[in-house]
Amino acid sequence: MASNNSGVDNFGLLYATLWLIGGNCISLTLLSNNIEEARGLERKGLAWHALYACFDPCTCHSCRVVAECKVLEKENGGAPASQKVDRK
């Protein structure tokens, strides 16, 4: 959901599939690298993201990625039109 709301790419299904088959470190590494690139932040590289993703319970890297996705979503003006839900 974070990747879809950020508007970075259309790999949400890939991230979810990797997560379900046990590739959560890979999924988090790819997502965090893409978010970093989209926000124009200092590039840390895949190795840095992989290390932090593997030790996520200690580093809370996933929390950082979700927070960056929220910032990117606000910068982009919200979720894409296809993701918006009509709430009455």
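Biologist: Leaving aside its neighbours within four places in sequence, which residues is Glu36 in contact with?

Modeller: Beyond those neighbours, Glu36 is in contact with Leu41, Glu42, Arg43, Lys44, Gly45 and His49, where contact means heavy atoms within 4.5 Å. The model is predicted: local features need pLDDT of at least 70, side-chain atom pairs count only at pLDDT 80 or more, and totals for chains, interfaces and linings use all residues. Residues are numbered from 1 along each chain as its sequence is written, and side-chain values use heavy atoms, with hydrogens and water left out.

Biologist: Why is Glu36 called buried?

Modeller: Buried means under 20% relative accessible area, exposed over 50%, and partly exposed in between, with a 1.4 Å probe and protein chains only. The value for Glu36 is 4%, and therefore Glu36 counts as buried. Glu36 lies in helix α3, where the buried residues also include Ser27, Leu28, Thr29 and Leu31.

Biologist: How do you know that the span of α3 agrees with that of a helix?

Modeller: Helices are DSSP runs of H or I with at least four residues, strands are runs of E with at least two, and both are numbered from the N terminus. The expected span is 1.5 Å times one less than the number of residues. For the 16 residues of α3 (residues 24-39) this gives 22 Å, and the end C-alpha atoms are 22 Å apart, so the two values agree. After α3 comes Gly40, with a positive phi near 75°.

Biologist: What places the buried residues of α6 on the same side?

Modeller: The buried residues of α6 are His61, Val65, Cys69 and Leu72. They cover an arc of only 80° around the axis, and therefore lie on the same side of α6; the arc is that of the directions from the helix axis to the C-beta atoms. An α-helix has 3.6 residues a turn, so residues three or four places apart point the same way. The face turned away from the buried side of α6 carries the exposed residues Lys70 and Lys74.

Biologist: What makes up the largest nonpolar core?

Modeller: A nonpolar core is a set of buried Ala, Val, Leu, Ile, Met, Phe, Trp, Tyr and Cys residues joined through side-chain atoms within 4.5 Å. The largest has seven residues: Leu28, Leu31, Ile35, Ala53, Val65, Cys69 and Leu72. Both α3 and α6 (61-75) supply at least two residues of this core.

Biologist: Why is the link of Cys60 to Cys63 called a disulfide?

Modeller: A disulfide is a pair of cysteine sulfur atoms within 2.5 Å. The sulfur atoms of Cys60 and Cys63 are 2.2 Å apart, and the pair therefore meets the cut-off. The angle about the S-S bond is -50°, and the link is left-handed. A search of the whole structure finds one disulfide.

Biologist: Why is Cys69 called buried, at what relative accessibility?

Modeller: Cys69 stands at 3%, and so counts as buried. Cys58, at 71%, is exposed. Cys60, at 34%, is partly exposed, as is Cys63 at 44%.

Biologist: How many helices and strands are there in the chain?

Modeller: The chain has six helices and zero strands. Buried residues make up 27% of its 88 residues.
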